Structure formats: structure tokens, C-alpha cells
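These are my notebook entries on one structure. I set down what I looked up, topic by topic.

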Amino acid sequence: MNQPVDVSPSLPDANGLFGNFGGRFVAETLMPLILELQDEYTTAKNDPEFQRNLAYFQGDYVGRPSPLYFAERLTEHFGGASIYLKREELNHTGAHKINNCIGQVLLAKQMGKKRIIAETGAGMHGVATATVAARFGLPCVIYMGTTDIERQQTNVFRMKLLGAEIVPVTSGTGTLKDAMNEALRDWVTNVDDTFYIIGTVAGPHPYPAMVRDFQAVIGHETRAQMLEKHGRLPDSLVACVGGGSNAIGLFYPFLDDPDVHMVGVEAGGKGVKSGLHAASLNGGTPGVLHGNRTYLLQDEDGQITDAHSISAGLDYPGIGPEHAWLHEQKRVEYVSATDDEALEAFQICCRKEGIIPALETAHALAEVAKRAPQLPREHLMVINLSGRGDKDMTSVAHHLGDKFGVKNV
Amino acid sequence: MSAIQDKAMNTIANQTMHNPTRLEHCFSTLKQQDRPALVSYLTAGDPDADTSRRLLHGLPAAGVDIIELGMPFSDPMADGPAIQKAAQRALNNGQTQAKTLDMVRTFREQDSITPIVLMGYYNPIYRYGVERFLTDAAHAGVDGLIVVDLPPEHDEELCQPAFRHGIDFIRLATPTTDAKRLPRVLANASGFIYYVSVAGVTGGNAPTPERLEASVSRLRKDTELPIAVGFGIRTAQQASTIGRYSDAVVVGSALVDCIEHATTPDDAVERVHGLVSELAESVRACRR
């Protein structure tokens, strides 16, 4: 096996279903546009010119390929598996989000759309969207919950610098889910000229498949890089999961390799048993929200309940439908890490590798802390280092500041 | 419902081959009277269970022909601020799917004529269990369903099962529904067609009159079902204009706003029924 294998895109089916998950649960007003988007995307996917353009921006603008780095000191620290970090935090704008945004903005241009909207939680997708909107000269409106605006001030400022308009969303808990509701309301009102860049592998078909395909560059590169370094595939892959775009991006090109074990790490908040978490697969039930059927945090009456996580990017009561399917198929193992475990792993990564990870990513590292020590050095484990943690300084200082004699950052 | 109306409905009932539904009754009666139906929307349980029941029970006397009753949902993506807040008020006061069905059952004890259409989002129905929900809804006396996030692509989820339970599935057509898509939208439609007057959320901008009339007549060429028009209709004046060429006029956010602005439950009932009476008067006079 010397060449990267191209996984045949068997799912979703024509109706956007991964088994019983996914679909197109949207208002009729949006249906014609969603069907048009699906056609446009199918064309673009097979259009060498579009793909060439995408590759150009992924290379010269985003900075791909991102390195697959052997984390020697983390490996020593945990004393088990050999740990590799897929350095998505080195991408332009500091996270994997831009991979998808570049793809979608090229599609928006191709469809002649005049305006970009997006939702954001931690602000990384908002920043990536504002960035590509600036680069392609399109006006951009970002919906962001007021709670998230509060805890992600740096990213709010970045988006404004990039020329985006930020609309604070006060409904619900003022987090990612509410921002997505508001973005959908904008979209349905401005359906003629507006392109909605969804930031994760959720929403109505074709978004979950399209975002996955744009993020799959992570897994394709990882595959080639590992083959080059070790002449074989990795033994396991670990990624954090909110909506799940960085995880599916890493996993997807390996789904047909039965020997590659995959672990998705949900945000366990104060613990799944406490009820204060964002672990849809470990603590939720199937339902329909934001255009797709998937696992959701909801009460007995089908009302969506609030997610809780230290990480704004994982603070969402649902998960991409393909993850729901992979969970039921038992192809991917889904676990959770608590706020405290993530904070602990966050600090270890800072001190051992000189890399400040995003709090989202720290959840994946927390799972590595549990898993790696039990495994032999020959075990090759890849962690998607999905984002950098500069944006989280305020949150982390709030939780750990005293330890360093720092009150405000 | 007056005795004269009752009699008119019975006549029509006897003329029809199958047992006409309440919606069919209603539209054929109004056709004879040459006037559109007034359709009101209120969220079940808004602002609280008791006031909501009083609001509901008084609607027919105030002049409503068809009742849309919203099933509150935590994430109403197709609704503007007014109905979002209504859902939140209802949920905060403990409204559930079971309580909403119970409201219909109680209403049916005093009114067996006025059609009731439940409107909302799929998740609370899905969670309740589709078959169980349809059985309970049919028993309670529900006539139709409008489920915003179930386009025809998902007809096997609820539309087709509803039909087997004798409940109409009311389809939404919108300004973005083009000629290519319309047949798909109309394929399994029943009860009436709900034409969404503007691309947007509920309670938003008023529709452009000329464009709207043209859209409704275009739609009429492809369906024999009655056509209701809703979204952005707030005043008696608008209802009157639109009622000249549509079979029903839907008013929602304007009524829900009355509840938000009310100072007491009595005030809410008075304001809502007051606005309904005004609207009822205008739809009754609009084709004269």
C-alpha cells in the first residue's frame, strides 16, 4: 500500500441519508436552493478546474500540507504509544476550519452569490469565513451567541478587523445552536443572493457530505505522510468531536481500513452523568434539528436542551449525522472527556511540546492521556491538532489564572 | 358557529360521496358564502395553559374559521421573534405535546365543527413517536398538520402516515417554489395549500400585493385545493386585500404580539379576540 486509497463516496445516499441519519429537514423555502447547491457541488467535485483552484488556495493561501509531527516529548511523557500530531493549527487562521471555508467560498462565487453568512461558536469558523469573504470580496455576516462573544473576545475582534459584521444572538443560551437558528432565519429571508457557509458536518444535505469532503484533505495527507514515515498506516486516530468536522476529515479516508481504530472525543463538560455536557452520542438520543436527523441533547418532549462545555467550539447539542451513523455501525468509538481532563491535557501539551492547543483539541489530548500509556511504542497514534489555543487565553486564565498569579488576560 | 352555518354544512355533507372532513366542510361552506376563511395562529400554552385554553375556546365566536395551534418547540427556525417568544413562554410554563393534544380534546367537547390544524416542527412529534402521536391526534380531533421542516422529500416520515390516520398534511408553497418543483410539493398535499407570502420567517415583512396575487393565481392552475396565504399579514386591511383572491388568510404573529403586550390574562384574551373580530369583519366584507 504505497498510494493513498481514494475511498468511494458510497454515503450519503441520494436523499442525503447515512443509514437513518442526515436528510433534508428544512423549510420549503430553502429546498430549491439546497437542491441547486447539491447539483453545483456534484459538478464542482468532478470538475478538474474547480479542484485545481481549490488545491491552489489550499497550498498557497492556507499553507497545506500541514505537517504530521512526531510528538517525542508527549510520547515519552505518556510512556506508551508513539504520538503524532496532525498540525492543523498551523493552517492560516489557526484551525482546520479554513479547509472547508475555502471550498465553500469558491462554490459561492461559482453560483454567483453576493453575500456570505455563517454561524460560529468558538469563533474559529467565523474567523475563517470572514477571512475567505475578505479574500474574495464578499460582504459577510457572522451570527454568534452572546455567551460566546463574551468568552471569545479576541476572535470577535479578528472578525471585525477582517470586515465582517457580527450579529449577537441573545435567544436560547446565546451559544452555537442559537447562532445556527439565527443564520438559518437569515438564509431563508435572503435566499436569492446569500450563501450560507456551514462550519461543520451538520445541516441539511449536501452540507454534511460537502464539508466532510473539503475536510478530508486532513486524512488524505495523514495517510500519505504516515506511509512515507513508516511505510504503513497508523494504528489509531483520535480527534475531538463537536459537530465533528475535524474528526470526519481525519477519519474519512481511513474508513475502509479495518485495522485503523478511530476514536472521537466528545465534550463531557462536568461529566456525562451530571447532565452538564455536550456529549450527544454518549448522552443523547436521535432527533431532528438544523436540517438533519442525528443524536441530540433533548428532553422527553423533544425540546432541545442546553449543552455545556468549557470549549465554545464543542458547545453544541448535536453532532454530524455521519458520526451518528458511524457510532451505530460501531466503526468509530466515541468517548468523552470532561472540562477538567481537557484543561489538564491542555497544560501538558503546552509544557511538553511547546504547542498551545485549542480547548476543543485538548479534549482529544485528554483521551490520549488515558489511552497512550496502555499501548506499546510500535502503536502509531495520530491526534488531529485541530486548532491553536490563543483564542482560549481568557477562558483558561479564568480557570487556571490563580495558579500562575494572573487574574486577567 | 351559527345555526345557519350548521345547516349549510349538513347540506354539503349529504351531497358529498365520502364523509367530508371538517376542512372540506369549512371551505365549501365559505365558498357558498363567497368569502375567504380567517385562519388564526396561536401557540398552545402561551402565555400559560389556562389563558391559552380561554383564548382557544373563544376563537370561533370571535370569527375564526380555522384554528392553527402551534406546538411549541425550543428551536423554531422558521419563526420570527414574536412566535419564538411565544414558544418560550409556553415551554417555560410547562407546555408539552401531550398537553397540546389535550387542549384539542377539550375544545372538541364544545366545538365539533371548527377545523384545528397543529403547526410546528418535526422533532417533538418524532420524539413522541409518529404512530402514537397520530393516533392521539386523531382521537383528540385534530384535522391537519403543518410541519415546517418536513419537505416532500421526507413524505414517508409523517405525511403518508398522517393520511392513513385521516389527518391532512398541509403543504407549504413559497416564492422559491418554481414550476419545476411545484408538482413535487403538490403531490401528497391535502386539506389546503399554505402559500408562504414572502421568503423569510413568520412575522416579517409584508408581502408585495401585485406579486402575491400573481403567485396565487399561478398556483391555482395546478391545484384544486383551497389556497391559504400567510406570513407577514397583520392588519384587517391586508387581510381584506389578500382575501379577495385567496381562500383563506392566516394571521399569527400579530395575534401573538397581543399576548406579549397584554398586562393580564384577561387583557390578553380581550386583545386577541378583539383583533380577531376586526379581521373577521374585514374577511367577511372583502368580496362585497
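**Entry 1: a span of chain A.** I looked up residues 63-387 of chain A in this predicted model. The end C-alpha atoms of residues 63-387 of chain A lie 14 Å apart. I noted that this span is 41% helix and 20% strand. UniProt, in an unreviewed entry, places the feature "domain: Tryptophan synthase beta chain-like PALP" at residues 63-387 of chain A.

**Entry 2: a sheet in chain A.** I then asked in what order the strands of the open sheet of chain A are arranged. The 6 strands follow the order 3-4-14-9-10-13, and their pairing is mixed. I recorded strand 3 (68-70) and strand 13 (333-338) of chain A as the edge strands, since each pairs on one side only. On average, neighbouring strands of this sheet are turned by 30° against each other, direction ignored.

I followed one pair in detail. Strand 9 (residues 236-241) and strand 14 (residues 380-384) of chain A pair in the parallel sense, over 3 bridges. For A:Val238, I found the bridge partner A:Ile383 in strand 14 of chain A.

Entry 3: I found helix 10 (residues 217-230) of chain A lying across strand 3, strand 4 (82-86) and strand 14 of chain A. Helix 10 of chain A runs at about 150° to strand 14 of chain A. Helix 14 (residues 339-353) of chain A lies across strand 10 (261-269) and strand 13 of chain A. I noted that helix 14 of chain A runs at about 85° to strand 13 of chain A.

Entry 4: The axes of helix 4 (residues 97-110) and helix 9 (residues 207-215) of chain A come within 8 Å and cross at roughly 115°. Helix 4 of chain A passes helix 9 of chain A in a right-handed crossing. Which residues make the contact? I listed A:Asn99, A:Asn100 and A:Gly103 from helix 4 of chain A, and A:Val211, A:Phe214 and A:Gln215 from helix 9 of chain A. The residues of this contact divide into 2 nonpolar, 4 polar and no charged.

**Entry 5: two annotated residues of chain B.** For "active site", UniProt lists B:Glu68 and B:Asp79 in an unreviewed entry. I located B:Glu68 in strand 2 (residues 66-70) of chain B. B:Asp79 has its place in the loop between strand 2 and helix 4 (81-92) of chain B.

Is B:Glu68 buried or exposed? B:Glu68 has 25 other C-beta atoms within 10 Å, and therefore I counted B:Glu68 as buried. B:Asp79 is likewise buried, because 27 other C-beta atoms lie within 10 Å; the cut-off for a buried residue is 20 or more.

Leaving aside neighbours within four places in sequence, I found B:Glu68 in contact with B:Val39, B:Ser40, B:Tyr41, B:Val117, B:Met119 and B:Val250. Not counting residues up to four places away in sequence, B:Asp79 touches B:Gln84, B:Val201 and B:Thr202.

**Entry 6: where the chains touch.** I noted that 27 residues of chain A are in contact with 34 residues of chain B. Strand 2 (21-25), helix 1 (31-45), helix 8 (176-189) and strand 11 (285-289) of chain A each give two or more residues to the side of chain A that touches chain B. Helix 8 of chain A gives the most to this side, with 6 residues. I recorded the residues of this side of chain A as 12 nonpolar, 10 polar and 5 charged.

Definitions and conventions. Residues are numbered from 1 along each chain as its sequence is written. Chains are lettered from A and ligands numbered from 1 in the order in which they are written. This is a predicted model: local features need pLDDT of at least 70, side-chain atom pairs count only at pLDDT 80 or more; totals for chains, interfaces and linings use all residues. Two residues are in contact if their C-beta atoms, placed from the backbone, lie within 7 Å. Helices (H or I, at least four residues) and strands (E, at least two) are DSSP runs, numbered from the N terminus. Ala, Val, Leu, Ile, Met, Phe, Trp, Tyr, Cys and Pro count as nonpolar, Asp, Glu, Lys and Arg as charged, and the others, Gly among them, as polar. Axes are lines fitted to C-alpha atoms, for helices over the stretch in contact, and angles run from 0 to 180 degrees between N-to-C directions. A crossing is left-handed if the near helix is turned anticlockwise from the far one by less than a right angle, and right-handed if clockwise. UniProt positions are given in the numbering used here, feature names are shortened, and annotations may be inferred rather than shown by experiment. A residue is buried if 20 or more other C-beta atoms lie within 10 Å of its own, exposed if 12 or fewer, and partly exposed in between; C-beta atoms are placed from the backbone. Two strands pair if DSSP finds at least two bridges between them.
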